[in-house]
Amino acid sequence: MKVYVNPEPREWAPLLKRPQIAASVIDERVGDIIESVRKEGDDALIRFAEQFDGVKLNSVIVTQDEFEEAEKAISDDLKKAVSVAVENIKKFHAAQYPASVELETMKGVKCVQRPVPIEKVGLYVPGGSAPLFSTVLMLALPAKIAGCKEVVLCTPPNKEGKIAPTILYAAKVCGINRVFKTGGAQAIAAMAYGTQSIPKVFKIFGPGNQYVTVAKQQVSKVVAIDMPAGPSEVMVMVDSSANPKFAAADLLSQTEHGVDSQVILLSSSRGIAEQVIREVDVQLEKISRADIARKALDNSRVVVMDSLDDMVNFANAYGAEHLIISMENPWSIAEKITAAGSVFIGNYTPESAGDYASGTNHTLPTYGWAHSMSGVNLDSFLRKITYQEITPSGLETIGNVIETMAAAEGLDAHKNAVTIRLESL
């Protein structure tokens, strides 16, 4: 990790960059995959499973027997841990349910807004070497709380044609029984357009690699998506009050996600930064995914800034997916943060708490999208419909306002829709 000390604002641009994506190449490949799935349906999914996952499938549908087999493979300790996480996630997301709005904007003019669940949603859960069963909880539980009628889940199979038992168990705990063996861009295409086995949905959720992110962006022409959530990232802000071991552990927790992950250490002094760097080297040798972490560290950097204002401004300019504030008076600093997916306060709040069990959602905007997007929350699974009712006396009150405005826009039929009613009174 290269160290930068007190860079001037005009020098920040290169330090704020994420790992570059070969967009044109990926766009073309993803486009071809999507078109194949759109035209061939399940046949394309089965072919891509053999090509990308190294397994020949007869069907992409997960059977009831596979659900039961998966549950038997889960230890009692893990079942208990999942149970605690489920309760915390439910509590936090249920508390987010919005109230209906109903009021008279003026006498005789009633306006109403009510939350309505999205009827059909598709969830994407990454598999591979680290099957993210926690993502099942983060997506399926709010979908169920919101009241979505149809929830389907896609996740890639292993070389034996199986889905990780942890993913299937988490799905069952959340009440999801429609799970399909397909991953990558082809899974996104299947949920967007539908196949013989997988129904077309109205909105797609879930993180993934660069191909999944690009696929979500491409199908957003025909289906809604949660956000373009790509490679994972964390920024850790430290000063002399931070524990270097904790900070190093938080940095490494994101590097093990993938070689294209990025971590940023933002420190108030060179001395603290060097302590954290030494701890990263020590802890790196003890983690099982060290090879992946080392490559991710090549995308990462250390920035030292003497000024607290500069640190806050830099953090806001970056807009991290995860932002950890291990500094004195962390809440006062957090109040100045305007761009972050999720913020973790103090020395004893590891980012992994949000990943698994504290209750907040871990599906968050990356690559700077935190400047304009929120992470997944209950609202993500809801729509808001407005209603209005105007009484005859209410129309007499507001009618002239509507007529005047419609006439000013030259829309005579709009005006007449009011005039004809007023003349009838």
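Asparagine 329 lies in the loop between strand 12 and helix 14 (330-334), and that loop is a handy place to start a walk through this predicted model. Asparagine 329 has a positive phi of about 50 degrees, even though it isn't a glycine. For context, most residues other than glycine have a negative phi. At 56% relative accessibility, asparagine 329 counts as exposed, because the cut-off for that label is over 50%.

Asparagine 6 sits in the loop between strand 1 and helix 1 (12-15). Asparagine 6 also isn't a glycine, and its phi is positive at about 45 degrees. With a relative accessible area of 34%, asparagine 6 is partly exposed.

Six strands form an open sheet in the order 1-11-10-9-12-13, with parallel pairing. Strand 1 (2-5) and strand 13 (340-345) are at the edges, and each has a single partner strand, so one side of each has no neighbour in the sheet. From one strand to the next, the twist averages 20 degrees.

Strand 12 (residues 320-326) runs parallel to strand 13, and five bridges join them.

Helix 10 packs on it, touching strand 9, strand 10 and strand 12, and its direction makes about 170 degrees with that of strand 9. Helix 13 (residues 308-318) packs on the sheet too, with strand 9, strand 10, strand 11 and strand 12 as the strands it touches. The direction of helix 13 makes about 175 degrees with that of strand 9.

## Strand 10, from both sides

Why is strand 10 (residues 262-267) largely enclosed by the rest of the structure? Six of its six residues are buried, so the strand ends up with the rest of the structure around it. Both faces are covered: Gln262, Ile264 and Leu266 are buried on one side, and Val263, Leu265 and Ser267 are buried on the other.

Strand 10 pairs with strand 9 (residues 233-238) in the parallel sense, over six bridges. Within that pairing, methionine 237 has leucine 266 of strand 10 as its bridge partner. Strand 10 also pairs in the parallel sense with strand 11 (residues 301-304), this time over four bridges. Here serine 267 stands opposite valine 304 in strand 11.

Follow the chain from strand 9 through helix 10 (residues 244-255) to strand 10, and you trace a right-handed β-α-β unit.

Threonine 155 stands opposite lysine 181 in strand 6.

| Strand pair | Sense | Bridges |
|---|---|---|
| Strand 9 and strand 10 | parallel | six |
| Strand 10 and strand 11 | parallel | four |
| Strand 12 and strand 13 | parallel | five |
| Strand 5 (residues 150-155) and strand 6 | parallel | three |

## Cysteine 148

If you like keeping track of cysteines, have a look at cysteine 148, in the loop between helix 6 and strand 5. Is cysteine 148 buried or exposed? At 5% relative accessibility, cysteine 148 counts as buried, because the label applies under 20%.

Which residues does cysteine 148 contact, leaving aside its neighbours within four places in sequence? They are Pro117, Ile118, Glu119, Val121, Ala143 and Phe381. Lysine 120 is 28 residues away from cysteine 148 along the chain, yet their C-alpha atoms are separated by 6.3 Å.

## One cavity

A search of the whole structure turns up one cavity of 30 Å³ or more. The largest cavity holds about 40 Å³ of space. It is lined by 11 residues, and those closest to its centre are Arg18, Pro19, Pro231, Asp260 and Tyr367.

Terms used:
Residues are numbered from 1 along each chain as its sequence is written. This is a predicted model: local features need pLDDT of at least 70, side-chain atom pairs count only at pLDDT 80 or more; totals for chains, interfaces and linings use all residues. Side-chain values use heavy atoms; hydrogens and water are left out. Buried means under 20% relative accessible area, exposed over 50%, partly exposed in between (1.4 Å probe, protein chains only). Helices (H or I, at least four residues) and strands (E, at least two) are DSSP runs, numbered from the N terminus. Two strands pair if DSSP finds at least two bridges between them. A crossover is right-handed if, with the strands pointing away from the viewer, the path from the first strand over the helix to the second runs clockwise. On a 1 Å grid over the protein atoms alone, a cavity is a set of points where a 1.4 Å probe fits but cannot get out, and a pocket is an open set with protein on both sides within 12 Å along at least five of seven lines; lining residues have an atom within 4 Å of a point. Grid points are joined across faces, edges and corners, and a volume is the space filled by probe spheres set on the points. Axes are lines fitted to C-alpha atoms, for helices over the stretch in contact, and angles run from 0 to 180 degrees between N-to-C directions. Contact means heavy atoms within 4.5 Å.
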